Amino acid sequence: MHGTVRLPETRARTAHGGWALVLLCLAVAVALAVPSFRSGLFDAMATDDAMRLVEVRDLLAGQAWFDLTQHRLDPPQGSLMHWSRLIDAPIAALILLLRPLLGVAAAEQATLVLWPTLLLAAALALVAATAARMADASGRKDLPLAAMIAAALAAPALIHFRSGGIDHHNGQMVLVLCFLLFAAGIERSVRCAVLAALSASVSLAIGLEMLPAISVGCAAVLGLLIWRGGAVASRSTAFGVTLIGSSALLAVLLLPPQSWTAPVYDAFGGPVLLLMAGGGACLIAVGAVATRWPGLVPRLAAAAATGSLLLAAFFALYPDAVASPYAAVDPLVATLWLNRVSETMSIHMLYLLEPERIVGLYAPLLITLILAGAVAWRAAPDVRFRWLLGISVLAALFATGLWQMRGAAAATIVAAPLFVAGIVTLWPNIAPRRLLLAVVLLSSMVLAAGGQAVRPLLDRINPPTRIIAREDGVSTCRAMSGLSPLSKIPRGRMLAPIDLGPGILVASEHSAFAAPYHRNNDGNLAMIRTMMATPEAARQILRERQADYVVLCRGSLELLELTDMAPDGLAARLGRGEVPDFLQPVPLDPPGNLTVWRVRP
């Protein structure tokens, strides 16, 4: 009878939450799309978004599923990318679905809006569900909305869901939220265990950015099994079985058989497969021991034995796994490009260049970790694991963010449900208005605005020796509208600055030697050496590489850096208007900052 009486209230609450999700998602999506309305959807794409669109176009044009070589990058051999078809496939499906209705160009534009918006809706829904599960307070109507607002104010993560954002970072954020939500329910449900393991596998199959968080989360599941033994053995075993099965299935789906054991350290491959399968086997073994031999000591012994065996096999088979994935990047390429990529910037470099951003990025994470720690300390045994899991995942992302900023960006959206659930758990009688006020005032967006406000004071106290130059798409020539004139000149091989590569591939049928990807070491090095060489040496390199065009962007940072490093090099001379006789200026329509020279035969 009680269930019957409460049913209309439950339905009303569900409908209310659904409308809140829809309205908030639309509001955030529109706010994120505003810049693209002014500049154009294609101009709103970053370099990774542009390269993703190139991959999708090639897939739709008939490139083989297992062939991840970008054949127009670093010609003639092409450059093997480290990305996953798991992101290419749904984007390609959306374009195919919309083509008959909108045409090719409009279908691509619609997909540039729809794909990140759908992922944004999924992220907000997952944040709301995770907050309710962590707080174990689904009866509180303001909890899901407060959590979604906290996520909507997580600016470092939110930028990845803007219109035009079709790279893999937003998808990985959604999957790590999936993992946290379902792993938090692993004590109660086999279904949660299966879905958590599946989320982990899919995330790692897309890319390894979330590997620290996923690894720590899986270790937490093992810790739960050691702690509680037979009470959770069936769910932990289901998690392990799913890890093994899903990783094997994804390997068959995404990798050619000859690469299943290949020593690939920057993408889904042999090392990750071994860790996933071995970790799953470890859980199964400990679960079997917990079922047959009750007691903490047998479980600890089984975990130590299987874990040691896995690590020994891993380092024996893949001894280079401890090296940096960027170890193969030439020092010259690292100096001119990799060390300047903002998403790989450490907190130390951020302190030197933009100290005002530190508060907005890291303070909300520290506050959330403190709140979650307090909740875990006071929590009853039956809910403590979910908080320890949340702390582990967030701490892993926070630590990653100290090394590379992109880890902190993902951490801000993971922190949203933990922050709101922590406040509600510690102060169950807090008024809804006060909860929303705390969410807003302690959000990364508001704290970042405060940091910006005190920047002049920080500069007075400690004048910066270096700054990050701000450039728009027009001044850098990276905007698609600025590169579109290239489509009007005969197709050829273009030697252009690194950040122009993806845009050239999207806006035209040309090939490009350089692009901002660590695997493209050969093409990037060829471009840099040519631009820094004397005219005579540059001519020889251009002939050897069979380049057809040299491209520069007037006034760009790339040109300034090349000029500083080689004042008498080809780039510096071209910047001063000293054109050698083997280059012929190519007029562009309309003219802009982009300058092109044809290599004379």
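Predicted model: local features only at pLDDT ≥ 70, side-chain atom pairs only at ≥ 80, totals over all residues.
When neighbours within four places in sequence are left aside, the residues in contact with asparagine 170 are Trp115, Pro116, Leu119, His160, Phe161 and Gly165.

If residues up to four places away in sequence are not counted, proline 116 touches Thr111, Phe161, Arg162, Ser163, Gly164, Gly165, Ile166 and Asn170. Proline 116 and leucine 97, which are separated by 19 residues in sequence, lie 17 Å apart in space when the distance is taken from C-alpha to C-alpha.

## The chain as a whole

The secondary structure of the protein chain amounts to 27 helices and seven strands. Its radius of gyration is 26 Å, which is close to the 25 Å given by the globule rule for 601 residues, so the chain is as compact as a globular protein of that length. Along the principal axes, the C-alpha trace spans about 90 × 60 × 55 Å.

Of the 601 residues in the chain, 53% count as buried. Considering the contacts between residues at least 6 apart in sequence, 71% of them join residues that are at least 24 apart.

## An enclosed helix

Helix α5, which covers residues 142-152, has eleven residues, and eight of them are buried, so this helix is largely enclosed by the rest of the structure. The buried residues of α5 are Asp142, Leu143, Ala146, Ala147, Met148, Ala150, Ala151 and Ala152.

## Helix α12 and its two partners

Helix α9 (residues 211-228) packs with helix α12 (residues 296-317) at an angle of about 150°, and their axes are 8 Å apart. Because an angle over 145 degrees counts as roughly antiparallel, α9 and α12 are roughly antiparallel to each other. On the α9 side the contact is made by Leu222, Leu225, Ile226, Trp227 and Arg228, and on the α12 side by Leu296, Arg299, Leu300 and Ala303. Sorted by class, this contact of α9 with α12 holds seven nonpolar residues, no polar residues and two charged residues.

Helix α11 (residues 270-292) also packs with α12, in this case at an angle of about 165° and with the axes 9 Å apart, and that angle makes α11 roughly antiparallel to α12. The crossing of α11 and α12 is right-handed. From α11, the residues Pro271, Leu274, Leu275, Gly278, Gly279, Cys282, Ala285, Val286, Val289 and Ala290 meet Pro298, Arg299, Ala302, Ala303, Thr306, Gly307, Leu310, Ala313, Phe314 and Leu317 of α12. The residues of this contact divide into 15 nonpolar, four polar and one charged. Arg299 and Ala303 of α12 are named in the contact with α9 and again in the contact with α11.

Alanine 288 is also found in helix α11, where a relative accessibility of 45% makes alanine 288 count as partly exposed. Alanine 288 and glycine 230 are 58 residues apart in sequence, and their C-alpha atoms are 8.7 Å apart in space.

## Backbone features in the loops

Most residues other than glycine have a negative phi, and most peptide bonds are trans. The peptide bond from proline 75 to proline 76, however, is cis, with omega near 5°, and proline 76 has its place in the loop between β1 (69-70) and β2 (79-80). Another cis peptide bond leads from aspartate 589 to proline 590, with omega near 0°, and proline 590 lies in the loop between β6 (583-586) and β7 (594-599).

Positive phi values in residues other than glycine are found at aspartate 74, where phi is near 55°, and at glutamine 546, where phi is about 55°. Aspartate 74 is placed in the loop between β1 and β2 and is buried, with a relative accessible area of 3%. Glutamine 546, by contrast, lies in the loop between α25 (535-544) and β5 (549-553) and is exposed, with a relative accessible area of 51%.

Notes:
Residues numbered from 1 in each chain as written. Heavy atoms only, no water. Axes fitted to C-alpha atoms, helices over the stretch in contact; angles between N-to-C directions. Helix = DSSP H or I, 4+ residues; strand = E, 2+ residues; numbered from the N terminus. Parallel < 35°, antiparallel > 145°, perpendicular 65-115°, else oblique. Contact = heavy atoms within 4.5 Å. Nonpolar A, V, L, I, M, F, W, Y, C, P; charged D, E, K, R; others polar. Left-handed = near helix turned anticlockwise from the far one by under 90°. Rg over C-alpha atoms; globule rule 2.2 N^0.38 Å. Buried < 20%, exposed > 50% of the residue type's maximum accessible area, 1.4 Å probe, protein only.
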